[in-house]
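Keep the structure open while you read.

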Amino acid sequence: MMAGTIENRDVFLSKIAKQLGRVPKTEMERPTWQYQPQDRVLKEATKDELVEVLVEQCKNIHTDIVLTNTANLPADLQKVIENYGGQSVITWKDKRFKRFGLSSLMTEQWPQANIQLYEWDSKQPEENIRQAEKANIGITISEITLAESGTAVLFSSKDKGRSVSFLPENSIILIPKSTIVPRMTQAARLISEKVRTGEQIASCINFITGPSNSADIEMILIVGVHGPMKATYIVIEDQ
Amino acid sequence: MSMKTSDDRFNHRVSKELENTFMRGAVSSAQERFQTRRLKQADELGHWEEWRSHGEEIRKHVLANLDYYLYQLSENVSKRGGHVYFAQTAKEATDYIQSIAKKNKAAKIVKSKSMVTEEIDLNAALEELGCEVIETDLGEYILQVDDHEPPSHIVAPALHKNKEQIRDIFKEKQGYAKSEKPEEIALYVREKLRNEYLTADIGITGCNFAIAESGSITLVTNEGNADLVTALPKTQITVMGMERIVPTFEEMEVLVSLLTRSAVGQKLTSYITTLTGIKDEGDTDGPEEFHLVIVDNGRSNILGSEFQPILQCIRCAACVNACPVYRHVGGHSYGSIYSGPVGVVLSPLLGGYEDFKELPYASTLCGACTDACPVKIPLHQLIHRHRQVIVENEGKAPVSEKLLMKAFGLGASSPTLYKMATKMASPAMAPFTKDQKISNGPGPLKAWTEARDFPAPNKDNFRDWFKHRQKGGDE
């Protein structure tokens, strides 16, 4: 990747340093903080208790939630698909769908039931967007799941397009139970560690909490604005 | 529009707004909802004071080392293929962005909500080039279609309009034929804007928090519009006020937790998005070209001054929602895109005392703003300090505080007002009242209620009770 340009930096930063009464700084150690209240939230909670918190929070964020295991996942996913009216589905290109035992549902049952499936294909950029735009349902997988806020964290990549979770009218997010943590604190630490060890983080990391919404008109809540109108989380027992 | 939104005199603006009964009703009910939700979230989170102290220490540390973090940010953005432009003035920023638009032969530009782009008057600069600029936040879009009306609230820009007015705007300007139901209006806007995202040449965003260590920018929305603005067009431009930065993801997380609770009473908004550089190799969506424009525009003059704490601000508008003066006069009275207590402090600093010298008097100095602030900016003290500076410079106050308070309907001089105020005390305290005790009081009650409960105002106030008693009541 070619490095980008940086313009006007020296004069800009010198002014700041001057206002702060010193010379510009380009080295610094990581600060230590006096307060750390974030560690206390759901500190002692077990995984099962975190699932309970997540289920409860889904009520506040207008999101349906289904608890299942890999054996029942195909049937449970199918119910949600039907509930959203079937038609057309777009997914990431992701080996985990196969690992969750969804291959036969997706590649055999759906064509028979006239449900179109499009899998994200990095070689067909324009087709990806066209398909995402017309798909009724988008399916993605959470990398880290925040119990407190009911949030799924998605990492983009060439096989995991950003548009799959934004453009279709309905969004289904699969949540492996092992990905559930208390809150955003744990996710932020995980990502920070990647940054510090020099790993390249995804160009887009989405913390998604339910369907899109707005209260811009008379403070009345409208669910479904620019992103999905409806959302379902499916928690899969995977440990 | 630039930061200044009106050439009308302050007193005229206030008198005009006071007559807008819909606005006044909308603002007071919105304030109540915002406040109740914020307090509920703070309560559920627990240890709120500790969270505020942590937020404060992060923001203070960043400001004290701002040059270092901006240096680190620019290095890391550049490593991920992004271009960084440091703009000392609004003009430098808009000139640079104009040059990007020209180079890309941009015809259509989609934008997500950003206060700093309003401040530097970016839309006008782009429209001058012949670009079509489309705001995508629902509230901003409504105002844009309504002949670029200025926002009246930092978080909910179209708060002063009712749904019938909004329906009529779309009807008149775009031939909208459906009802005033918010869902129908939103669906109409969704369909209308979908095509704009897909055909835009450039996406422009603001920045809630830049992350120095990774070179990322963080965008906080409920609608998901910022995601479409950044995922679909080939070029992305992000404009940030230079102080909107944190060291790492860990501090971003803390400030986002404070922001979403304080702004809208949510644990997190629907979309928190961190974007790092240009799209990765092989990615279909995301920008091929990314520009980060870091704007000073007067902020560095505040650094090192006694007003430095205002740069801690994370634009949550909790102070706006707590302010009794804002409640009465609404956002447009301030004549600045930054309204409420934060606007009172910030507008004269960024725009000069000449245009904004009356603003520091649009405050009762009650301190409710300071108590609501999630990063502990001593707002009412800064407002007071502005007054001192103005009097030192001019030898007298530009407006009579007493007359203003009367105009705001906040005086206790008239028996009618006094009666209303004491009658109001009970319902106004209702959100804080539990078992006839106030245990989590706002404003001046807070210091007391932190240590002990305060008895809730009686449903009968003294005057009513006395009158009743004279008539031969029992108690």
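In helix α2 (residues 21-45) of chain B, the buried residues are B:Met23, B:Ala26, B:Val27, B:Ala30, B:Phe34, B:Arg38, B:Ala42 and B:Leu45. Buried here says that 20 or more other C-beta atoms, placed from the backbone, lie within 10 Å of a residue's own. Helices are DSSP runs (H or I, at least four residues) numbered from the N terminus. Among the elements covering those buried residues are α1 (10-18), α3 (48-64) and α12 (249-264) of chain B.

By the way, this is a predicted model, where local features need pLDDT of at least 70, side-chain atom pairs count only at pLDDT 80 or more, and totals for chains, interfaces and linings use all residues. Residues are numbered from 1 along each chain as its sequence is written, while chains are lettered from A and ligands numbered from 1 in the order in which they are written.

Just after α2(B), B:Gly46 takes a positive phi of about 80 degrees.

In contact means that the C-beta atoms of two residues, placed from the backbone, lie within 7 Å.

| Item | Value |
|---|---|
| Chain B in the contact | 83 residues |
| Chain A in the contact | 73 residues |

On chain B's side, helix α4 (residues 66-79) gives the largest share, nine residues.

Back inside chain B, the axes (lines fitted to C-alpha atoms over the stretch in contact) of α16 (residues 340-351) and α19 (residues 379-394) come within 9 Å and cross at roughly 40 degrees. The contact includes B:Pro341 of α16(B) and B:Leu379 of α19(B).

Notes:
Axes fitted to C-alpha atoms, helices over the stretch in contact; angles between N-to-C directions. Helix = DSSP H or I, 4+ residues; strand = E, 2+ residues; numbered from the N terminus. Expected span 1.5 Å × (residues − 1). Buried ≥ 20, exposed ≤ 12 C-beta atoms within 10 Å, placed from the backbone.
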